[in-house]
Amino acid sequence: PILASAHESGCIRLWSIQGNVMQELLPFSEHPSGPLTALCTDIFTKILLAGSKEGYIIRWNIASFLEDSHNKKNIIKEEACWRAHATEVVDLFIEEEKNVVGTASIDGSVRLWHARTGYYFGYFGQARKFDLSDTTRLILPSDVKDFPAIIKGESKHMKKKEVQYPLMLDKDK
């Protein structure tokens with residue numbers, strides 16, 4: 001068993017059932033996700049999704065980490081990040097059979113997205129039927145201008161760089 005907690009700093013912490021922090025996750029994508037407001041996993045706990053106050057959805061693959069969390073080679077991979085809403089995400093779910101993510105926001109909208117790529121399918125209440133088979137035609141909601149970011153290969157999470165600024169003039173340099 002594992003517990004996940006989302007934090008205002010944008011960090012997700014994975015905890016053992018004994019209360020020890022096993023892993024800290026920070027988003028890799030270029031867009032700052034801001035404070036996290038919602039978390040969910042798929043049924044098999046292979047995918048972890050987080051929603052943020054700024055309307056972003058971040059997808060991590062946690063399957064290899066959960067198989068053997070003591071092996072340092074089994075890392076958690078961020079796979080995708082996309083802007084789902086212009087305002088705070090308050091809830092989300094993943095439906096594995098159709099490969100769909102549903103998101104809800106404080107703006108009152110509930111939207112459907114492709115779970116792997118973040119392609120927009122539509123919103124609940126629209127006049128047309130959802131076409132879950134066509135992910136080639138990239139469309140976005142009217143209030144979102146950012147295209148989904150698919151993170152490929154091994155990515156290093158952002159860390160603060162330590163920079164030293166000496167207050168003395170070094171004439172040799």
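Here are a few notes on the salt bridges and the one annotated repeat in this predicted model.

1. Start with the overall tally: searching the whole structure turns up two salt bridges. One joins R13 and E24, and the other joins E79 and R59, so they can be taken in turn.

2. In the R13–E24 bridge, the side chains meet at 2.7 Å, N to O. R13 sits in strand 2 (residues 12-16) and E24 in strand 3 (residues 21-25), so this contact ties together parts that are eleven residues apart in sequence.

3. How exposed are those two partners? R13 comes out as partly exposed, with 23% relative accessibility. E24 also lands in the partly exposed class, at 46%.

4. Now for E79 and R59, whose closest N and O atoms are 2.6 Å apart. This pair links distant parts of the chain, with E79 in strand 7 (residues 77-83) and R59 in strand 6 (residues 56-61), 20 residues apart.

5. Is R59 buried or exposed? R59 counts as buried because its relative accessibility is 7%, and the cut-off for buried is under 20%.

Terms used:
Residues are numbered from 1 along each chain as its sequence is written. This is a predicted model: local features need pLDDT of at least 70, side-chain atom pairs count only at pLDDT 80 or more; totals for chains, interfaces and linings use all residues. Side-chain values use heavy atoms; hydrogens and water are left out. A salt bridge is a side-chain nitrogen of Lys or Arg within 4 Å of a carboxyl oxygen of Asp or Glu. Helices (H or I, at least four residues) and strands (E, at least two) are DSSP runs, numbered from the N terminus. Buried means under 20% relative accessible area, exposed over 50%, partly exposed in between (1.4 Å probe, protein chains only).
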